[in-house]
Structure formats: structure tokens, C-alpha cells
Amino acid sequence: MSVEVAEEHGHHHDPALQHQFQDMDQQNESYVVGMWTFLVTEIMFFGALFLAYTVYRRENPAVFLEVHHHLDVFKGAVNTMVLLTSSLTMAMAVYHAQMKNRQKQMIYIGITILFAFTFLIIKGFEWEKKFHDHHVPGPHFEYVRGEGEAPIVKAPPTPVVSMRMSNGQNVNFPKDTIEPDFSNKAQLFFSLYFCMTGLHAFHVIIGIGVMGTLFFMLMFKHPNVDYYMPVELAGLYWHFVDIVWIFLFPLFYLIPGS
Amino acid sequence: MSATALPPAGLPASAGETKSTYLNWSYSVKDWLLTIDHKRIAVLYLISISIMFLLGGFAAMAIRVELTSPHGQLMTSEVYNKMFTMHGVLMVFFFLVPSIPATLGNFVIPLMIGAKDLAFPRLNLLSWYLYTIGGLMALAAMIMGGVDTGWTFYTPYSSVYSNTNVSLTLVGIFIAGFSSIATGINFIVTVHKMRAPGMTWFRLPLFIWAMYSTSVVIILGTPVVAITLALVVVERLLHLGIFNPALGGDPILFQHMFWFYSHPAVYIMILPSMGIISEIIACFSRKRVFGYSFIAFSSLAIGVFGFLVWGHHMFVTGQSMYTSMVFSALSFIVAVPSAIKVFNWTATMYKGQVWFTAPMIYALGFIGLFTVGGLTGLYLASLAMDVHLNMTYFVVAHFHFVMVGGATLGYLGGLHFWWPKITGRMYPEGWAKLAAAISFVGFNLTFLPQFIVGYLGMPRRYHYYPAEYQIWHVLSSAGASVLAIGYGIPVIYFLWSLKYGPKAGDNPWGAVGLEWMTSSPPPMENFHEIPVVTWEAYDYDSMTESEAQADRESMPGAGAAVRQEAARDAEEGHPETGHPAGD
Amino acid sequence: MDHNASDLAHQPGETHQTHHITQPIVYYVVYALLVIFMLLTVGASYVNMGSLNNLVAMTIATIKAVLVVLFFMQVKMGTRLTWVWAAIGFIWLIFLFGTLGDYVTRNWISVTGW
């Protein structure tokens, strides 16, 4: 019905125009706003993990500083370069989608996928080392402090509640006597590390899936990718994945201090 | 483009019907389960949500029956824990959060703004499937032995020590959360981009403002609880220590992250209901809403301020006192926009021509009960009082007043208001009024005693209690039985009306709004031609005296003839006047 | 009805995206900046600046993120609505980080009776 109304008024409607939209501008803007709304949910999704990280790092600064040395800064830096470059190639893919150049789109999306795989492979090496070092949290976790590492001085327990009784006496209720030891706090660091980089890697995998699908659609000249919007939306997603890593890298790998 | 379930153009209605509507163009299962029509999806949601409400209600009945005696006659403590958990999980995540947005919102929003569908129809269908899958997982967990952590899943009990089906339930809730997010994305883009020509923001019905605000809250809050619950699952399965104090974790962090969503969640539950109340009060007072912009902006204010008060659930957890003070002050402030709405609704009715239909009775009930609920919330916002009242039945009564007396009453009012539009049939008005009255009485009898027994010290989530509380519990349980009847009657007459109810005209209430300018039920594409809006929202003032009189005195449906005429005039050829009264 | 809805689809007050295609040179320049900032942040982590280190690292990360958002994600050239949504996401993160207020104030002067 809607199609008939549009045609009666002499419009050629773009074959990509969906039935609920009036024109392509409305559709394009809707898709971009929709994608951004989804990315806002992703910001809050990862953001909560960043909050957990911040709280625990604030509470255990010395532990985090010492333990993070077990992460490989070089591999982390290389991965950062890999993702930044993949963001560039994805932006180029979007450019060529807007210029309607199918070949170049395929090339740039293909390169982006290769970079994504590189990222995962390097991450795989990092995780494998963690596995061998018994640093994967869980029943096999074991953190052994190296020789020469200065002992962490624990503050003596302080009373949490100081109450004034009706007879005028002050009574102190001591802190709970369960004190996690260094190994447990190290495990906390690695728990956060694996959760956050793991969730990020999961998003990278999904990104590969999306880009792979676009690649094959371009290869088989599927009509949906005559329209630049699918590639642009994938690009927005991929840039977001890059931004998460931009924050993950310094927080985990570059904790400052001697 | 692949259109999964659009009818070919010009398809005639099935034999026996006079016109093609979204309901009758096809009866096949495939065209229902693969529909991308927002109206059909709304109906699918209506069915799923009603089932969840029923199951959550059974859990409530089990609780109330158990609480009639002080020594636990029917169930062990473990089973009781599972019952209140089931009640909370099903009611909060699977009924209250999606109810109005997914059913009435899905159905009405495109109609109200003059659009053919939502912005992303296939995402809409996906959101229903996600809801159903999440719901089935939660139900499976219940059947397979239940969960006993309470709907709040506090750690480390939920993440380390509980031996029940926590993970399965949490995954179900996680998936349902994405259903909610999908709905939120859809509504935001739809309201921004799909309004009919001439429909500026300040000509929008207030229901749209409410739904927009709700959607923003959904987008910003749900992901936080999603990741929090996912972390609990990960902690359970992989024995990490993120919230376990023995391993260096902080259980209070869980509560911060959990309540960061779960407080705004209550605004997700109440805002749509408030939007419905605006619609109903305007229609049945025959007056435009007093203070339109105040109500519109207060919806946004509630959405924003609602994110700043989560700590009031944590006053006695060991949170820093200074933080508690800040949250207490902010919790007082967040009550103000809600109060503004109540004043404006009251002012709307003043010197209006009030028509006591069933939706109006629900709306009036809402105003009274929500006010009580909101005011008791202020007691709880007060830090000193909350130390004593927290974790007692006072809290339980407070949130049931706002959730049941508020949100659910609004939902029922909206269902009655839009039932003729959705189904093309009128429900029996007499029975509806009776049911509204019964549920009002039942509700008060159930929850007023709970304020008293809570104040007297009855803790929540306990089923053993001192004998002196029994009288209050018995009163409450009696009330619950009455309330159940009050809810049961509409189920019967709504189903009855589908086959035997009188056919409704396009506009049986004589209401102003784009959704009333199309047929009941609407055709597949909502409007035969997209209307151009040149009038203000709630333009009841321009209705002539005789029209108003005719609507008041006639049975619902009879006054429709006048309005149908006017609506057809507006549709057919007078875009400049496009005025609902046709003059 | 003579009005074609699509003529009026652009609501009063909302400008539509002028479909501006960003030239590749912009992307290359931004990429170069991102790499420079990345090297800067790695280098800065080896210099002991005390409590400034964290601020420097997070500032650099924020600048990089802003560059990606404005240019790679084309928010600078997009509609105002897109820009608003991008901003809201990060603003709300600040609300979430209000949780830190609890942790920071826990050890302040304790009050008898609480």
C-alpha cells in the first residue's frame, strides 16, 4: 500500500527503501541513530566493568602494580597498533562503500578482518602464557611472588563501627577477620583481566563475523550491499571495539610506578 | 527487500469480514510467528506477558497462604525462599518492565505519531523472541528446583553459596534484558524519526513523552545489570572472586552495580503507566491536559534523576554515611516531578466533564494509590527512618503500592482504553467497573495492613513470625484473595469480548489522537494515507457542545458515528483544517 | 490528500545529514595522531610522575577515543542527534562512576552512633 502511494506521486523509490520509511534520508538517519543508541548500551555494558576495575585498583594499588608486570607490554602495544590500523582500514572501507566501489570495499574489509585475526592470535599467545603460569583464575590459580619483591605491608584492622551505648561507653566492633591474602588479590586482578579482555575478544569475534558476512555479500553482489549503510554500521561497531581497547591497554598494561 | 510477512498489495479480507485489518488478513501460524507488524507483535507480547503475570501471581498466592499462620504450615523455609524469589523475578523482569512498553507501547506508538510501523520492525520481532526464550529459561529454572536468593541476587550468597538454579535464571534474565534494550532502541529512533508531518515534539501525546523517557532509561541502565548478573554467573561457574570477600571481592560493589539499574528500573515500570494516565484523564475529562510541558519535562526529569538515587537501597549495607546522606537528599528531590504530574492531572479534571468509565476508574485509583505509595517512599528516603524500616514489610507495602496500585493499574486502564482499538470489540462496561472496584478494595485490604505490620517490625522474606503479627497477615491474605478475583474477572470478559463483544467504532470514546482516526482494528499499514498534523495534542476544547453531550450520554460506541464522520473528513480532503471536529 | 509525506519528512528544526563523504586524507591524519598518542602513552608510563601518571594516561586515552568518535565514526560531520547520543553515553558513565564516591568517603571521620 505504502509503495503504491509513493509511486503515485512520481517518486522512484530506492530499492533499498524499507516499507516503514518515507525516504532514504529518513532511513539512513534512523539506522545511524539506532546504531549509536546500541553503542550507548555497549558503553554502559563495558563501563560497568571499568567501574569494577577502578574500585579494585583503588583498593589494592600495590597488588595491581606488582601483578601487572606479568602482562607483556610489547604484545599489548602491538595489539593496540593492530586495532588502530584496522580502524583506519575499516574507515577506508566505509569511504569506498560511499563511493560505491565494490572491489576496494572488499579489499579493505578483507584487510580489516586479517588485522582482527592478528589481534586474536596475539591475544591467544598471551593467554596461553597465562595458562602455563597458572595465572588463569579458578581452581588451578597459583600466584608465586618472585624473589626480591618487597613484602606488602598490610594495614592493621581498624574498627568499622564505633557505637556509643546508653551507659555512655563506646564499643568497637572489629573488622571481619577474613582477610584475603596476596594470592587472592592477584587472582582478582587476573579475574578482571580475563573478564574484560575476554568480553572484548568476544566482541572482536562478532566483528569478524559481521565483516565476513559483508565480505561474502559483496563477493556475491548481494543487493543489500549496493547500499552503503550496512558497511557504515559495521564500521561504527568496529570503531567502538577499538575504543574499548584504547582504554583497556593503559589500564592493564601500563600501570605507572616503579 | 525481503519482507517476511507483508501481505501482497490489495489482498482482500478473509471471507465474511467487510474490511482487511491487521488481524484478519491472514490466519496462518507462520504469518503470526514471523510477523514484523508492530500490532501483531504487541498481541504476541500480550499473551506471553499475561502468562508470566499469572505465574508470578500464583507464587504470590502461595506466599500469602503461607503467611496466614506464624509457624509455616505449608512449606519449608527453603521452599518459601524459592517462592518469593520466583514472585519477584517473574513480576519484575518478566511482567512489570516489559508490560506496557512491549504491549501497549508497541501497538500504540506508531499509530499515535502517524507512522506505518516502528523504525526497526524485524528488531521488534527479535525482541519478542528474546523475551520468550529468556522467560522459558527462567521458568525452566523454577521447574527444575527454583532459586532462593531473592530477586536481588545479593552476593556472595548467589555467587558462591546458593545451591539452586541461579545461573540458569540469570541467563534468562540477561536475555530478557536484551529484549528490553531492543524495544528501547526501536522506540527512541521511532519517536525521533518517524513522526507524521506536522507532529512536532510539543504536539505529541504525553504517552509518547513517557515512552521516550522510559526508553532512554532502558538504554542507559539495562546493560549495567546485564553485565553485573553475567559476572555473578561467571563467578559461580569459574569460581572467580569478583564479589566474594574471601577472595578479595566486595559484595557492596555488586549492590552498587545492581541497583544502578534496578532503581531506574522502577521508573521504567512507572513512567509508561503515568503516560497512560495522562491519556485517560484527558479523554474522560474532555479537557486538554493541564500543564502539558510540565508533565512532558517531568517525564524526562524522572528519567534523569532516577539514575542518581540508587544508594537509597543500600543505607544499611555499610555504604559510607556521607554517600548515604547524598542519596537521601537526592531521593527527596526525585519525588518532585512525580508530584508535579499528580497536581497537573488533578487540575486537568477540575471543571472538566468527567465520565466514569472503567479506564477512568483505574486512572483515579492510580492517582490515589500512587500518591500513597510515593509518600511512603519519602519515609524510606529519610535516612534515619530507613534504618528502622528497611527490610521490613513497610518497604514491601511501599513498592507494591507504586508497582501494583500504580503501574499495574495504569496497565489495566490502558488495556481497557485501547481494547476497542486493538481488537475492534468493546468489553462489557458494567463488569469492568465492578472488577475495577473489587480490585481496588482487594488491593487496599492486601497492602495497607502491610504498612502496619512492617512498622511494627515484621521483617520481609520471613515466613516465621511472632503471633502478634498474625492478624495483619490474615487481613492481607484475605485482601489478596479479593484482589485475585478483581484480576480474574477482566481475563474472563476480555476473552469473552473477542467473540461476543459489540463491535467498536473507530472512536468509541470520542478521544482526540491519531490512533482514533483509523479503524478499529487498524489496517495492516495503520493509515491509508499518512495524516498531516496541524492541531495541538488533546484538542478537546474545539469539540462542540453537542458532540461532547452525545458522547457522555451514549453507550460507548454510539457517539462514534459523529466522530467517525469527522475523522473521515479529516482524512479525505482537508489537510489544512485536518481538525478532528471537522469544522 | 495532496501532501506528499516525504516532502515533510524533515521535521522542523532537524537538519538532515548532508551526506558529506569524508576524504581519506582526514583518516590518514587522524591515524597518524592516534599512533603518536599511543607511543606517547607507552613512554609516559615509564616516567615517574607520581599521581599525575594516571591522569596523563587517561587524558591521552580520552583524546584518542574522541578522535575516533569524531572522525572515524564521523560524528563531527553527522547530525546533532548522533552527537547528543554519543555524548550521553559517556556522561552516563560518569553517573555510574559516582559509585566511587562511596569508596572514597568510607574512611572519613567516623561519627559515633552510626
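Residues are numbered from 1 along each chain as its sequence is written, chains are lettered from A and ligands numbered from 1 in the order written, and side-chain values use heavy atoms, without hydrogens and water.

**Chain B: fold and confidence**

- Chain B holds 18 helices and zero strands (DSSP runs, H or I of at least four residues for helices and E of at least two for strands, numbered from the N terminus).
- Take the contacts (heavy atoms within 4.5 Å) in chain B between residues at least 6 apart in sequence: 81% of them join residues at least 24 apart.
- Mean pLDDT (the predictor's confidence in each residue, from 0 to 100) is 89 for chain B, and 90% of its residues reach 70 or more.
- Residues 1-17 of chain B have pLDDT below 50; this stretch makes 30 contacts in the model beyond near neighbours in sequence.
- Residues 552-562 of chain B stay under 50 too, with 14 contacts beyond four places in sequence.
- Where pLDDT is low, predicted coordinates should not be read in detail.

**Chain C: fold**

- Chain C has four helices and zero strands, in the order α-α-α-α from the N terminus.
- Buried residues account for 41% of its 114 residues.
- In chain C, 60% of the contacts between residues at least 6 apart in sequence link residues at least 24 apart.

**Interface of chain C and chain A**

- Chain C brings 58 residues to the contact, and chain A brings 55.
- The two chains bury about 5100 Å² between them, 74% of it on carbon and sulfur atoms (accessible area, 1.4 Å probe, lost on being put together and summed over both parts).
- Tyr31(C), Met73(C) and Trp85(C) supply 12% of the area that chain C buries against chain A, more than any other three residues.
- Helices H1 (24-45), H2 (52-72), H3 (80-96) and H4 (99-105) of chain C each give two or more residues to the side that touches chain A.
- H2(C) gives the most, with 11 residues.

Conventions
Predicted model: local features only at pLDDT ≥ 70, side-chain atom pairs only at ≥ 80, totals over all residues. Buried < 20%, exposed > 50% of the residue type's maximum accessible area, 1.4 Å probe, protein only.
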